[in-house]
Amino acid sequence: MLTAACSQIPWDAAVGAESTPATQPAAPALPLPVAIPAPRVPAPEAKSAASPMARPPAAAAAVEPRPIAKTLEAKDLEPPRAVDLSRPADDLWGRIRAGFAMDDLDSPLVGVRERWYASQPDYLKRMVERSKLYLYYIVEELDKRGMPTEIALLPMVESAFNPMAYSRSHASGLWQFIPSTGKRHQLTQNWWADERRDVVASTNAALDYLQALYDLHGDWHLALASYNFGENGVSRAIERNRAKGLPTDYLNLKMPPETRGYVPKLQALKNIIANPDAFGVSLEPIPNEPYFATVPTPTAIDIRLAARFAEMSVDELIALNPAINRPMISGPHTQSLVLPADRVDNFHRNLDTYDQPLTSWQAYTLKNGDTLDKLAAKHGIALPKLKLANGITSKTKVRPGFELLLPLKGSSVGAEPLPAVFRQPALPPARRGGSIHIVRKGETLYGIARRYHVNTDSLLRWNHVGVLTTGQRLIIYRGPAKSRKSANPIKLSAVQK
């Protein structure tokens, strides 16, 4: 991945499990200050013979020397150099393509998703920009396990590569673990941190889970369906078909609509990544090298101070350490700190020469007679900020014995703004009152939008359609009459025409 530090990324606007162009927060482009050399021919490492995805290693080849021109003598030319075709590609996309190993899914839904993604270039660009921080690590872990590299694209389906993504079902992180599944895979969720958002921990848990699902079914499409629907749900669907003498592959199982469309989304993204030019998509190169490294966390350190030691912004630090829940990092609860690879030396050097306390916060246990407003005034911090720093909401039971963080006396932390990560996760709005429209011959998105007093962007977002087909079912969400009348005029894009 990138060797330079990432640009500032606002992670405060959390999104749902699959973000849409209308709700997904934009991420500024990450600069590529180093020149990207022309990619060499990629050749994947050989997989273990025991792996069902084994691929033969590429053989090394030598370049034949060109004939020596008559005007030059042999001594004036450089000797021919061997080209090692087994050397990894410079561009991570080439390495990902070389590792594709799943059977392609043949379903009309794949084409629908291809058209939808290809019609949303800004959305794809935001996902790719965010992925640059994490993608190399995921691909490395897949290669170590001999797993197909299509799986590296799964966070695009799950979270649009936003580690702060949070769904209405309380799924969180790049891989969208719900609380119970996270606990089952040893992802700690406590007052200090939520490892469902931890890039390293959640990636390892997701890959462990997916491999176990593949071992259960012997099929990657069924493994992916189980990741979305649950292994018990898929197993029941298989047994129903088996009892009826019907095929038990993914396309022939009866599953919820979301799961029916889940693998086609991944297949569509795979097809686009495999041949972006065919879809009019431009992919920025991603260096095939580590973007981040981990360092041991001190016993306790303020987030701001850790960012200062690494000579990066707080937002940059949080983008790599999104599991953190508090403004102070507790070593016993967060044992590793993730930093850009080129900032690790800075962090150690500044930490070693710093001779002041590493934190401006202190733990405090409420006693009889304590109130939050009195404690806030005594420690020089606004009450709303104190609640935010401690995750206190209207549902929190604050009573004697309750533990919280307070600013140390004499520190200026109470006057400083809290990082945006400490805002409560934003839930996707609940959708009620949806109706179904069945597309008739000759109808257009523009005409349907006008009929229901909505805009075409909303229709695309609700239904993920690329082109309309007769008999297609569209979901329509209609707001109150007053809000419909005051809605912005409908804008028609080239795709919608």
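The side chains of Lys270 and Asp104 form a salt bridge with an N to O distance of 2.8 Å; a salt bridge here is a side-chain nitrogen of Lys or Arg within 4 Å of a carboxyl oxygen of Asp or Glu. The pair links distant parts of the chain, 166 residues apart. Over the whole structure, a search finds 14 salt bridges. The model is predicted, so local features need pLDDT of at least 70 and side-chain atom pairs count only at pLDDT 80 or more, while totals for chains, interfaces and linings use all residues. Residues are numbered from 1 along each chain as its sequence is written, and side-chain values use heavy atoms, with hydrogens and water left out.

**The Lys270–Asp104 pair**

- Lys270 lies in helix 11 (residues 262-274), whereas Asp104 lies in the loop between helix 1 (92-98) and helix 2 (108-118); helices (H or I, at least four residues) are DSSP runs, numbered from the N terminus.
- Lys270 is buried, at 8% relative accessible area, while Asp104 is exposed at 54% (buried is under 20% relative accessible area, exposed over 50%, partly exposed in between, with a 1.4 Å probe and protein chains only).

- Glu141 and Lys144 form a salt bridge in which the closest N and O atoms are 3.2 Å apart.
- Both residues belong to helix 4 (residues 135-145), and because they are three residues apart, about one helical turn separates them.
- An α-helix has 3.6 residues a turn, so residues three or four places apart point the same way.
- Glu141 is buried, with a relative accessible area of 10%, whereas Lys144 is exposed at 62%.

- Glu231 pairs with Arg184 in a salt bridge whose closest N and O atoms are 3.0 Å apart.
- This pair also links distant parts of the chain: Glu231 is in helix 9 (residues 231-243) and Arg184 in helix 6 (residues 179-184), 47 residues apart.
- Arg184 is partly exposed, its relative accessible area being 46%.

**Helix 17**

- Leu445, Ile448, Ala449 and Tyr452 are buried in helix 17 (residues 445-452).
- These residues lie on the same side of helix 17 because they cover an arc of only 100° around the axis, the arc being that of the directions from the helix axis to the C-beta atoms.
- Just after helix 17, His453 adopts a positive phi of about 60°.

Note on methods. Helix = DSSP H or I, 4+ residues; strand = E, 2+ residues; numbered from the N terminus.
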